[in-house]
2 protein chains.
Amino acid sequence: MTDDRRSGGRRGKAARTGTGLSQLPWRNVENPNAPLAMADPEAMDRLHETSIRILSELGIRVVGDKVIALFEQAGALVDRDTGMVRIDESIVAAALATVPRAFTLTPRNPARRLTFGGRALNFGLVAGPPNVHDALRGRRPGNMADYKDFIRLAQHFNAIHMIGNQVAAPQELPANTRHLDCYMANLMLSDLAYHCTAIGRGRAMDGIRMMAISRGITLDQIASDPGVITIISVNSPRLFDQEMGEGLIAMAAHGQPVTITPFTLMGAMTPVTLAAALAQQNAEALFGITLTQLVRPGAPVMYGAFTSNVDMRSGAPAFGTPENTRANIIAGQLARRYGLPYRSSNSNASNACDLQAAYETSMATWGAVMGGANLIYHAAGWLEGGLTASFEKLVLDVEILQNMMEILRPFDASDAELGFDAIAEVPTGGHFFGSPHTMERYETAFYRPLLSDWTNHGAWEAAGSHDALYRATGIWQQALKDYEEPAIDPAIREELEAYVANRKQDIGQDEP
Amino acid sequence: MTDDRRSGGRRGKAARTGTGLSQLPWRNVENPNAPLAMADPEAMDRLHETSIRILSELGIRVVGDKVIALFEQAGALVDRDTGMVRIDESIVAAALATVPRAFTLTPRNPARRLTFGGRALNFGLVAGPPNVHDALRGRRPGNMADYKDFIRLAQHFNAIHMIGNQVAAPQELPANTRHLDCYMANLMLSDLAYHCTAIGRGRAMDGIRMMAISRGITLDQIASDPGVITIISVNSPRLFDQEMGEGLIAMAAHGQPVTITPFTLMGAMTPVTLAAALAQQNAEALFGITLTQLVRPGAPVMYGAFTSNVDMRSGAPAFGTPENTRANIIAGQLARRYGLPYRSSNSNASNACDLQAAYETSMATWGAVMGGANLIYHAAGWLEGGLTASFEKLVLDVEILQNMMEILRPFDASDAELGFDAIAEVPTGGHFFGSPHTMERYETAFYRPLLSDWTNHGAWEAAGSHDALYRATGIWQQALKDYEEPAIDPAIREELEAYVANRKQDIGQDEP
């Protein structure tokens, strides 16, 4: 094996065109492969049965009269003093009977419509970090300027299908109205579907109304053709709080999809064992899923999983661990058992955009895809256990996602692809560079990377020995230059601006 | 989400013990999951049929009378002028009928015995690079001092199951005898099975004899209980050269396993299309596999795949691409179709141990494991498209392999693991840190990483903000300090030394 192998001497003509970044076109990704089954049928039954025991024997404690009333009407055993709600399997089964097996999200650009369920696979922008980082400016608190740049990058990179909850909280803005500024940025700088904050009813309704305005439709119309989604967490173990309950009710009542995602760190919010964590997560998820159907039978809902573990050396949460990957795969089996769309995540615990970030993220992404996820939340930009949204990490993740999109292309064994005649034409020990079969296909035959550099060592050194992290910094800067703001009808823009102004006035110092 | 989430405040007691590196114990890894099927049954039939057409209509050109004679005896159509050998499906089928479905490799330490076939999964040290790199000393030509350090690391890290062909060629030693020095280092510094060079008969026989001496057994005995393995490449497209043929015959005749691995870069040695590359690779592999059975029916043999693509922008080979991953997965389906153990690889094309190296390697590893590989060759240390063996990359890879070993643990849904009583005991909204169920298990409940750092951002900064690459440098240095040379009977050592001395004298300037 010598350097000649990488010199490209046999084919000098470079196929590089232009100076722009290379990326895949927008596409609705499908996973054509059977998902991985890590738990056998008996283990699946045992997980389900334990979850039902948790729901019927132990119960979930609910804070909030509306939620308690809905369960009471459905036949739950309710202890009004403690708020403990116990439901048996028949209540869960009745709810599962009305859940749609798939749903869609339609943003203001109908070409960016997404499906959740079946083979569909969607990638979401990182959501929730308090901090932002890039290699040029270092780590800083979330702010609106960076928020906007992340939305621009999500719009620019076709591998990102939707915007998650606040990519980084704009901390300089008032906490009670910043969701309005975020929705506005989402709608002006992108034409993607977005996640709306559902801590309480107000923020959820603002997200729904603003998406409806952007599409020029009414609340009634958006109820049958949803455009926003949210995540309802559970305060594990087994506590369902008031703000979450009201957010869920607002969303489900208006036909917008909800993802029920218990946040379950093994060793902290659940026992240390994977089976226990999954049984508890499953019980909590089924509880929230049941609630959506009590609010509005047929309301779209997704099964969410976020089971990872604490670092037993420090007690700190760890993400992107092998336990997290196993949990994500088996959670997918549970979601499919109930006929539900499935949300997983792409997480890692690294403090820097480094080797650890790359291999933990790769592990999480592969686990989510092999586990049959319909949505990988936090798919691009998550760093530091979710405490930082990173510009370089976003570029790294887009490359990982694009590689995955290519891997998931269905295998084509047609005569043209099998190329027997092409094989017959090239002499033994020869090469296929100039073959007509090659010439017809070479420009599009292979994935063209965004971040990977495949030049030989000499050329790489001559160009400055830039590693992938250095290149990632150049790529997000170039992407922001290349970014094009999607057009919007000025009348709709005005209507949205007026909505935000009015709501800010109404809210005043309220709705903390 | 605030910094509190990562502070570990709820459980201050750190479980860290000692200052040594944390690693998993030696184990024979099994993959309990069904392999991924990316090609449907019809596509599999079409691949097989095209391969048979390549073998029967086009043929493989053979250089070397012994190989031609073996095929002629078996009923092949041979053109003695061109060396073209055509075989029909019945000849292939007869060979496949005598191939064992699994085989073992027994090194001098029988506790390090490996199985290839079924669910077994083995990880091999990188093999073949002309260069070596680490972050302290930079890039340099392969040499015996570095060779020895790599063998020490392979011995130290339990995730590395076997030694591949020369981890980095010791270029200061004479090319015609350096294989003897390498075998000697393998046998003195490790007790693992190793790959022997089979370019010609001499190097293969030296590898076999030295392994037999180290185990105190004869050539006859090792023939029924093999201890070394080799790779036979094909000079794709469709050329089988003399040195490879003689190496294969020596190995098979002495009952040592051979991996037939065509080196097929799409766009160069095969057409650009994946189906064509796989059909051609499969034809070439079946040809070599058939030959092993003509030499010695029942000889152990493994199906090898190394299909990747060239970078169509430069003509340079690219490894760790999505096309490579797809090829590895479908090649596994082909190997299983024929009932053969399967060898895949862990490759990447990065010029540095950086993000690209990490995500390309992760992709290759996941593809190989999901594809049902029994051996991942080059699993630890490969960098720069195989032109450099990297110390930091070896540490990175051991972490990736250990994560995979944990992911592949069978899922346990026993009552103890389901922990219903533990869930019942913790109040809603409480935590499980002090629960008896946790306390009984917390020390071994989760994977403890080698390279990942899960401390919170503040602690990480206070400790110097060291990224994973920096930590990897510290880890291989520490591993070399911790390394213990495995004991060997002094009489056996003397016998091996005498063997090497005699062979060097015999070879003189011969056997280039």
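Predicted model: local features only at pLDDT ≥ 70, side-chain atom pairs only at ≥ 80, totals over all residues.
Contacts between residues 24 or more positions apart make up 76% of those in chain A with a separation of 6 or more. Of the 512 residues in chain A, 67% are buried. The fold of chain A comprises 18 helices and 21 strands. With a radius of gyration of 24 Å, close to the 24 Å that the globule rule gives for 512 residues, chain A is as compact as a globular protein of that length. The C-alpha trace of chain A extends over about 80 × 55 × 50 Å along its principal axes. As for the surface, chain A exposes about 16,600 Å², and 50% of this area is supplied by carbon and sulfur atoms.

Two packed helices are described by the angle between their axes and the distance between the axes. For helix 4 (residues 144–156) of chain B and helix 5 (residues 178–189) of chain B, the axes come within 9 Å and cross at roughly 35°. The crossing of helix 4 of chain B with helix 5 of chain B is right-handed. On the helix 4 side of chain B, the contact involves B:Met144, B:Tyr147, B:Lys148, B:Ile151, B:Arg152 and B:Gln155. Helix 5 of chain B contributes B:Asp181, B:Cys182, B:Ala185, B:Asn186 and B:Leu189. Sorted by class, the residues in this contact between helix 4 and helix 5 of chain B are 6 nonpolar, 2 polar and 3 charged.

Methods:
Residues numbered from 1 in each chain as written. Chains lettered and ligands numbered in written order. Heavy atoms only, no water. Axes fitted to C-alpha atoms, helices over the stretch in contact; angles between N-to-C directions. Helix = DSSP H or I, 4+ residues; strand = E, 2+ residues; numbered from the N terminus. Left-handed = near helix turned anticlockwise from the far one by under 90°. Contact = heavy atoms within 4.5 Å. Nonpolar A, V, L, I, M, F, W, Y, C, P; charged D, E, K, R; others polar. Rg over C-alpha atoms; globule rule 2.2 N^0.38 Å. Buried < 20%, exposed > 50% of the residue type's maximum accessible area, 1.4 Å probe, protein only. Areas by Shrake-Rupley, 256 points an atom, 1.4 Å probe, with all protein chains shown as cover.
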